[in-house]
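Open your viewer and get ready to click along. We'll go stop by stop, picking what to select and then looking at what is there.

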Amino acid sequence: MSPQNPNLPPFSLTTPLYYVNDVPHIGSAYTTMVADAVARFYRLRGHSVLMITGTDEHGQKIQRTAQEKGVPPQEHCDDIVHSFSELWQKLNIHHDRFSRTTADKHEKIVKEFFTRVWDNGDIYLAQQKGWYCVSCEEFKEERELLEGGYCAIHPNKKAEWRDEENYFFRLSKYQEKLETLYQEQPDFIQPMSRRNEVLSFVEQGLQDFSISRINLDWGFPVPTDPKHTIYVWFDALLGYMTALLDPDDEPTVENALKNWWPINLHLIGKDILRFHAVYWPAMLMAAGVTPPKQVFGHGFLTKDGRKMGKSLGNTIDPIDLVDRYGADAVRYYFLKEIELGQDGDFNETRFVNILNADLANDLGNLLNRTLGMVKKYCQGQVPDLDPSELPRDWSLKQLGDNLGDRVVVAYEALQFSQVCELVLSLIRAGNKFIDEQAPWSLYKQKKQTEVEQVLYAVLESVRLSAYLLTPIIPGLSSKVYKQLGFDLDLDAQSQNTDDHNSEMFTQHSFAEHRFAEHSQWGYLPPGQKLSQAQPIFAKLELPRE
Ligand code: MSP
């Protein structure tokens, strides 16, 4: 594993806790791939990382789905949860905690938290009248609905009229405190466009919102009035807190907060921004808890330029996609092609073309042909030379020299497409360089020193590129490293930093590695014996119509 650097702060991050009304869709896969890449980046650098994902299992939507299937809700949830774990495994995603809101320990946390807010005087009983979208599990303003009373996010679902007694959370009391939070922590909501959205929503004046339901069994009873069930969102957001408990901990709020709080990053989609950037910090303030450090709202995916939906019959099945093309291909497409924060599109032809161009041709072929030449001209070992003596004016070396630092900045800003572009610029320069330098003709001219210098520079560029892409394509990066003769499994290196009771953790015997060394151009050990050249990424083909 990457040696932990005690000088680096721990890093905790979450995906949303996904509804289990159905098997995972591409939207959930997208957020979780992003989260995994962030987690791997911090682990590689030596941070201690806790990545949380999980499922949101209560509420009317889940209760109704189970009813339609004719099974008890818990049985339905247990059933669906497997498909999430299966997908995360297939996508090579390594979460440290999987938080299920039906867990016993979660009930204890929710009750204690509710009581804290109650004792603070921030919960009261009143009449709730309004339009409710069960699919969003959210009340909607009449003006937000489409013609005929349909929900804008679920255009095939009609909002339902509710007129019932509910407990309310005094959100309005936190107006000023929230405004101060947004000012004092300007990065709290990212990207900027989402921050502005939230600021203008808050500016209009916050209204209290109801946090209990009647006529609903599937959820936790309100501790002070068990006729009521706690609202699914109040319950679900606290799933992030429950996830922080170590397995042997007594489930108390204090224990949950002792190690990883405040959470560094909540990664979410833009549709659930208000819950995370407004309701959640206010709930925490009401319970005397510091808000998280950042909420990042990503965009929505479309398919072939059209909104996706079951009713439209154009969903993408992430399991099918990864079965056909492999985890690295799927991860690479979504992280490179979609600028995090913007909406993005999936198109299968573009998918295949990009993967073939970037990974099969530019990266894969460069490695393959260079290894072939090294075998022929340098006895199959990394040329034995002093990398600091390579010609200073080689553009390839100049490009490589500060690449690691630029890539780190892009990773820290969650700009994965920029990471890929930066690395690709080195890979493409490597291809151009080898064509221009033509080591095969240098060899014929018996210029062995030049041959070795050229091949070292190209191999090193491939190594650095693969290393820097580890968080995005861990499987492929590992393969490249093995072929370059390293006894280092980059995939495993970026999965865990320490044994914090990770559910996915398996014992590996790792050679230690240091990010500061591997992320710099010139690290490839001279004289290192290389492994057999094998294609690292087979060309993809579109399915025949
Ligand atoms: N259960 C809540 C979250 C509770 S967090 C305490 C929930 N679940 S969800 O399963 O409906 O949505 C999960 C995520 O998928 C959200 O971040 C949502 O933005 C995302 N997406 C749903 N459809 C999407 C696309 N078409 N594109 C990208 N992401 C999308 O909300």
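Which residue has a polar backbone atom 2.9 Å from an oxygen atom of the ligand? Select Gly 269: the backbone atom in question belongs to that residue. A pair like this is a polar contact, meaning N or O atoms within 3.5 Å; within protein, one must be able to donate a hydrogen and the other to accept it, and residues adjacent in sequence count only if both atoms are side-chain atoms.

Before moving on, a word on what you are looking at. This is a predicted model, where local features need pLDDT of at least 70 and side-chain atom pairs count only at pLDDT 80 or more, while totals for chains, interfaces and linings use all residues. Residues are numbered from 1 along each chain as its sequence is written, and side-chain values use heavy atoms, with hydrogens and water left out.

**Stop 1**

A polar side-chain atom of Asp 56 sits 2.7 Å from a nitrogen atom of the ligand. How much of the ligand does the protein cover? On its own the ligand has 670 Å² of accessible area, and the protein covers 91% of that (Shrake-Rupley method, 1.4 Å probe; for residues, only the protein chains shown count as cover).

Next, show the whole shell, taking a residue as near if one of its heavy atoms lies within 4 Å. There are 20 residues around the ligand, and Leu 17, Asp 56, Gly 269, Asp 271 and Leu 301 come nearest. Colour them by class and you get twelve nonpolar, six polar and two charged residues. Here Ala, Val, Leu, Ile, Met, Phe, Trp, Tyr, Cys and Pro count as nonpolar, Asp, Glu, Lys and Arg as charged, and the others, Gly among them, as polar.

Which element gives the largest share of that shell? Select β1: four shell residues come from there. The elements giving two or more residues are β1 (11-19), α7 (232-237) and β12 (265-269). Helices (H or I, at least four residues) and strands (E, at least two) are DSSP runs, numbered from the N terminus.

**Stop 2: a group of cysteines and a histidine**

Select Cys 133, Cys 136, Cys 151 and His 154, which UniProt (unreviewed entry) lists under "binding site". UniProt positions are in the numbering used here, feature names are shortened, and annotations may be inferred rather than shown by experiment. These residues are spread over 22 residues of sequence but cluster in space, with a largest C-alpha distance of 8.6 Å.

Zoom in on Cys 136, in the loop between β4 (123-133) and β5 (138-140). Is Cys 136 buried or exposed? Cys 136 counts as buried because its relative accessibility is 10% (buried means under 20% relative accessible area, exposed over 50%, partly exposed in between; 1.4 Å probe, protein chains only). A disulfide needs two cysteine sulfur atoms within 2.5 Å, and the count by this rule is zero. Cys 136 is in no disulfide, and the nearest cysteine sulfur, that of Cys 133, is 3.8 Å away.

**Stop 3**

Most residues other than glycine have a negative phi, and most peptide bonds are trans. Now for some exceptions.

- Select Gln 190 and Pro 191: the peptide bond between them is cis, with omega near -10 degrees. Pro 191 is in the loop between β7 (189-190) and α6 (192-203).
- Select Trp 261 and Pro 262: this bond is also cis, with omega near -5 degrees. Pro 262 is in the loop between α9 (253-256) and β12.
- Select Leu 414: phi is positive, about 60 degrees, though the residue is not a glycine. Look for Leu 414 between α15 (403-412) and α16 (416-437); with 4% relative accessibility, Leu 414 counts as buried.
- Select Ala 438: phi is near 45 degrees, again positive in a residue other than glycine. Ala 438 is in the loop between α16 and α17 (439-444).

Select Pro 223, in the loop between β10 (221-222) and β11 (225-230). Pro 223 counts as partly exposed because its relative accessible area is 33%.
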